[in-house]
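These questions ask what stands behind the terms used for a structure. Each answer sets a value against its definition.

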Amino acid sequence: SVSPSGSVAPQGPSMKLIGTAMAILGSSIAASSNVFCEWLVKRRLEDSIHLQNIQLYCFGILLNSATLLAKVVMEPQSPMHGPGGFFAGYNVWVWLIIVFGAMSGVATSVALKY
């Protein structure tokens with residue numbers, strides 16, 4: 001197949017093998033992190049669910065903040081440099097997705113804890 005830049009992308013059994021290996025690796029990492037998350041929540045049942053959520057999400061906040069900072073530094077055309085800043089392009093649908101994602105996270109925490 002031809003990429004947008006006009007070069008020919010490699011094909012064949014080796015690319016399928018790499019794709020399969022990456023899918024297995026990604027699934028294994030996701031499954032392992034879910035098991036670890038459940039272990040963290042259930043190991044200290046006396047802790048508040050809110051405290052446990054804060055502990056679980058701190059790593060994600062740090063990692064996503066580092067990624068955002070790197071993109072801002074490396075991409076001069078980033079919307080972060082515009083008038084809307086971080087919230088450029090946000091509308092009611094984006095806010096609904098954020099709210100539903102937060103509710104889903106809390107519901108998952110409750111299911112894991114109890």
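Q: What share of the contacts in the chain with a separation of 6 or more comes from residues 24 or more positions apart?
A: Such residues account for 43% of them, where contact means heavy atoms within 4.5 Å. The model is predicted: local features need pLDDT of at least 70, side-chain atom pairs count only at pLDDT 80 or more, and totals for chains, interfaces and linings use all residues. Residues are numbered from 1 along each chain as its sequence is written, and side-chain values use heavy atoms, with hydrogens and water left out.

Q: Which elements does the chain have, and in what order?
A: There are three helices and zero strands, running α-α-α from the N terminus. Helices (H or I, at least four residues) and strands (E, at least two) are DSSP runs, numbered from the N terminus.

Q: Why is Ser109 called buried?
A: Buried means under 20% relative accessible area, exposed over 50%, and partly exposed in between (1.4 Å probe, protein chains only). Ser109 has a relative accessible area of 6%, so it is buried. This residue lies in helix α3. Leaving aside neighbours within four places in sequence, Ser109 is in contact with Val41, Ile49 and Asn53.

Q: What share of the 114 residues in the chain is buried?
A: Buried residues make up 11%. In α2 they are Ile49, Gln52, Asn53 and Val72, and the buried residues of this helix pack against α1 and α3.

Q: How do you know that the end-to-end distance of α2 agrees with its number of residues?
A: The expected span is 1.5 Å times one less than the number of residues. For the 26 residues of α2 that gives 38 Å, and the end C-alpha atoms are 38 Å apart, so the two agree.

Q: Where is the kink in α2 centred?
A: The kink, of about 35 degrees, is centred on Tyr57. The bend at a residue is the angle between axes fitted to the seven residues ending there and the seven starting there.

Q: How do the lining residues of the largest pocket divide by kind?
A: They divide into eight nonpolar, six polar and no charged. Ala, Val, Leu, Ile, Met, Phe, Trp, Tyr, Cys and Pro count as nonpolar, Asp, Glu, Lys and Arg as charged, and the others, Gly among them, as polar.
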